[in-house]
Amino acid sequence: MADKEKKTKKKKKEEPKEEAPPPKEPTPPPPEPEKPVSVKKKSSSKKVKRSGSNVFSMFTQTQVAEFKEGFALMDHDKDGIIGKNDLSQTFDQVGKLVNEKELDAMLEEAPGPINFTQLLSLFAARMSGGSDDDATVINAFKAFDEGGMINGKALRHALQSWGDKFEKKEVDEIYDNLDLDDKGYFETDEIIQLLLGSSEDE
């Protein structure tokens, strides 16, 4: 049997090989329409970003990680929601006594259950000044009101001296949009309208 295999192998070797036809050039596929290339720029700045509606885009990755760690420490029952019991236990851990009314007030700041995303939204609102409603802004300027007018010099001094201090350039930009009279006063409603976008009738 081995002899037969040898003979068939020899025959196969002796048979002249047919030359393969030359390879056809492949037809190139039709060009695909160009897709817009999006280039993402990496920012070396670690400042808080305040663009877009995504709350995660307002914080650096490090900040989000720190908030997540804090959330995990506050979520004592590990259900992914910070409730009244979670808040109470958190305050107990840091040695601060809070009553039921204070806990309810804290929970009412959120429009719904406080999951991680909602907690970030609350922090973002606080950091961007989003917690100041129109009434707070109006009352702040009413404190400088003198018969429907505000002393521009006194307000300028306050803006540059107390709280979150404004730079001279920032105050100048605001004052460029106000009509000051000869004594340096402007209408209270004018600045309220400028900041809130509508006049307030009280």
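Which handedness does the crossing have where α6 passes α9? I began with this pair, keeping in mind that the model is predicted, and I noted that α6 passes α9 in a right-handed crossing.

**Entry 1: α6 and α9**

I looked up where the two helices lie, and found α6 at residues 134–142 and α9 at residues 188–196, with their axes 10 Å apart and an angle of about 150° between them. Because angles over 145 degrees count as roughly antiparallel, I wrote down that α6 is roughly antiparallel to α9. I then listed the residues that touch: from α6 they are Asp134, Val137, Ile138, Phe141 and Lys142, and from α9 they are Thr188, Asp189, Ile191, Ile192, Leu195 and Leu196. Sorted by class, this contact holds seven nonpolar residues, one polar residue and three charged residues.

**Entry 2: α2 and α5**

Next I turned to helix α2, which covers residues 61–74, and helix α5, which covers residues 116–127; their axes come within 11 Å and cross at roughly 120°. That angle makes α2 oblique to α5, and I recorded their crossing as right-handed. On the α2 side I found Val64, Phe67, Lys68 and Phe71, which meet Phe116, Leu119, Leu120 and Phe123 of α5.

**Entry 3: α3 and α4**

I also checked α3 (residues 84–94) against α4 (residues 100–108), and these helices pack at an angle of about 120° with their axes 10 Å apart. The crossing of α3 past α4 is right-handed. The contact uses Lys84, Leu87, Ser88 and Phe91 from α3, together with Glu100, Leu103, Asp104, Met106 and Leu107 from α4. I counted them by class as five nonpolar, one polar and three charged.

**Entry 4: the sheet**

How many strands does the open sheet have, and in what order do they stand? I found three, in the order β1-β2-β3, with antiparallel pairing. β1 (145–146) and β3 (185–187) are the edge strands, and each has a single partner strand, so one side of each is left without a neighbour in the sheet. I followed β1 to β2, at residues 149–151, and saw that two bridges join these antiparallel strands; Asp145 has Ile150 of β2 as its bridge partner. I noted as well that helix α7, residues 152–161, lies across β2 and β3 and runs at about 60° to β2.

**Entry 5: the record**

Last, I consulted UniProt, where an unreviewed entry lists "domain: EF-hand" for residues 62–97 and 166–201. I looked into the span 62–97 in the model, and found that it is 67% helix and 0% strand, while the C-alpha atoms at its ends lie 31 Å apart.

Key
Residues are numbered from 1 along each chain as its sequence is written. This is a predicted model: local features need pLDDT of at least 70, side-chain atom pairs count only at pLDDT 80 or more; totals for chains, interfaces and linings use all residues. Side-chain values use heavy atoms; hydrogens and water are left out. Axes are lines fitted to C-alpha atoms, for helices over the stretch in contact, and angles run from 0 to 180 degrees between N-to-C directions. Helices (H or I, at least four residues) and strands (E, at least two) are DSSP runs, numbered from the N terminus. Angles under 35 degrees count as roughly parallel, over 145 as roughly antiparallel, 65 to 115 as roughly perpendicular and the rest as oblique. A crossing is left-handed if the near helix is turned anticlockwise from the far one by less than a right angle, and right-handed if clockwise. Contact means heavy atoms within 4.5 Å. UniProt positions are given in the numbering used here, feature names are shortened, and annotations may be inferred rather than shown by experiment. Two strands pair if DSSP finds at least two bridges between them. Ala, Val, Leu, Ile, Met, Phe, Trp, Tyr, Cys and Pro count as nonpolar, Asp, Glu, Lys and Arg as charged, and the others, Gly among them, as polar.
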